[in-house]
Amino acid sequence: MNRLVMSGEYPKFCDELRKYGYDIIPTKKIDIFHKPEQHHADMQILKIRDRIFTLGDCADKIGKTYPENVRLNCLFLNNTLYGKLSATDKTVLDFCEENGIKTVDVSQGYTRCSTLIIAEKAAITADKSIEKALRKNEIDVLLISQGNIRLEGFDYGFIGGASFSGGNTVYFFGNIRKHPDYEKISEFCKKYNSNIEILCPAEPLTDIGGAVEIE
């Protein structure tokens with residue numbers, strides 16, 4: 001059974017993913033973060049190859065304000081780590097250097113939650129700095145409009161935090177069909193033979209911090 005780390009603040013989403021055979025490990029509450037981010041998996045855990053980093057591994061200060069809150073919010077794709085490198089934890093950067101993993105700087109510190117991975121060389125984002133960096137590294141990118149994703153306490157959330165990509169399926173936390181770019185997203189997923197599953201379609205598309213598959 002595959003194991004996922006994700007927020008337990010939305011039990012409906014957890015219950016739905018369990019129906020697909022996933023074992024859910026709820027995140028811990030991180031009091032130092034802003035309330036909407038306190039249970040977000042993409043703020044607490046980063047997996048690079050077989051190495052899992054948690055906040056307890058961080059050498060740099062973890063803080064409430066940006067960018068001290070995004071030490072682990074990086075995107076690992078096609079053997080490359082994308083992130084706001086000035087904010088990325090030193091332990092992560094040292095690991096990349098020691099293991100021949102390329103690092104790419106982007107201006108968006110919430111790199112992982114801003115990006116939905118569709119395939120090894122395909123992703124969706126609303127952030128232009130991430131789009132530019134990915135394209136430069138030969139990743140096919142669908143750029144979508146910002147907003148239209150719920151994140152309590154903020155104006156809007158991000159597509160990566162509102163989804164989980166497992167196997168050949170993308171699971172959306174809430175009704176992706178109501179997103180203005182749904183047709184583009186659907187076609188892009190089909191291009192890479194990726195199915196779409198909507199968890200709790202009665203709920204709005206919601207940024208819950210995504211989910212990290214650890215096994």
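The side chains of Glu68 and Lys61 are joined by a salt bridge, with 3.9 Å between N and O. The term salt bridge denotes a side-chain nitrogen of Lys or Arg within 4 Å of a carboxyl oxygen of Asp or Glu. Side chains of opposite charge can pair when their charged atoms come close. Lys61 is exposed, with a relative accessible area of 57%, whereas Glu68 is partly exposed at 25%. In these terms, buried means under 20% relative accessible area, exposed means over 50%, and partly exposed lies in between (1.4 Å probe, protein chains only).

The model is predicted: local features need pLDDT of at least 70, side-chain atom pairs count only at pLDDT 80 or more, and totals for chains, interfaces and linings use all residues. Residues are numbered from 1 along each chain as its sequence is written, and side-chain values use heavy atoms, with hydrogens and water left out.

**Salt bridges**

By the rule above, the count comes to 12 salt bridges. The table lists three of them, including the pair already described.

| Salt bridge | Closest N to O |
|---|---|
| Glu215 and Arg3 | 3.4 Å |
| Lys191 and Asp140 | 2.7 Å |

Lys191 belongs to helix α5 (residues 182-191) and Asp140 to strand β10, so this pair links distant parts of the chain, 51 residues apart. Helices (H or I, at least four residues) and strands (E, at least two) are DSSP runs, numbered from the N terminus. Lys191 is exposed, with a relative accessible area of 53%. Shared partners join the salt bridges of Arg3, Asp23 and Glu215 into one network. Glu215 lies in the segment after β14 (211-213) and Arg3 in strand β1 (residues 3-6), so the pair ties together parts that are 212 residues apart in sequence. Arg3 is partly exposed, with a relative accessible area of 28%.

**Nonpolar cores**

In soluble globular proteins, nonpolar side chains tend to be buried together. A nonpolar core is a set of buried Ala, Val, Leu, Ile, Met, Phe, Trp, Tyr and Cys residues joined through side-chain atoms within 4.5 Å. The largest such core has 20 residues, of which Leu46, Ile48, Phe53, Leu55, Leu72, Leu81 and Val92 touch the most other members. Strand β3 (45-48) and helix α3 (90-98) each supply at least two residues of this core, and α3 gives the most, with 3 residues. Apart from neighbours within four places in sequence, Val92 is in contact (heavy atoms within 4.5 Å) with Leu46, Ile48, Phe53, Leu72 and Leu81. A second, separate core of 18 residues includes Ala122, Val170, Phe172 and Phe188.

**Cysteines**

A disulfide is a covalent bond between the sulfur atoms of two cysteines. With the cut-off for a disulfide set at sulfur atoms within 2.5 Å, a search of the whole structure finds 0 disulfides. The cysteine sulfur closest to that of Cys74 is in Cys96, 7.9 Å away, too far for a bond. Cys74 is buried, with a relative accessible area of 2%, and Cys96 is buried at 1%.

**A buried asparagine**

Asn137 occupies the loop between α4 (128-136) and β10 (140-143). At 16% relative accessibility, Asn137 counts as buried. Its side chain makes a polar contact with the side chain of Lys102 at 2.6 Å. A polar contact is a pair of N or O atoms within 3.5 Å; within protein, one must be able to donate a hydrogen and the other to accept it, and residues adjacent in sequence count only if both atoms are side-chain atoms. A polar atom of the Asn137 side chain also lies 2.9 Å from the backbone oxygen of Ala133.
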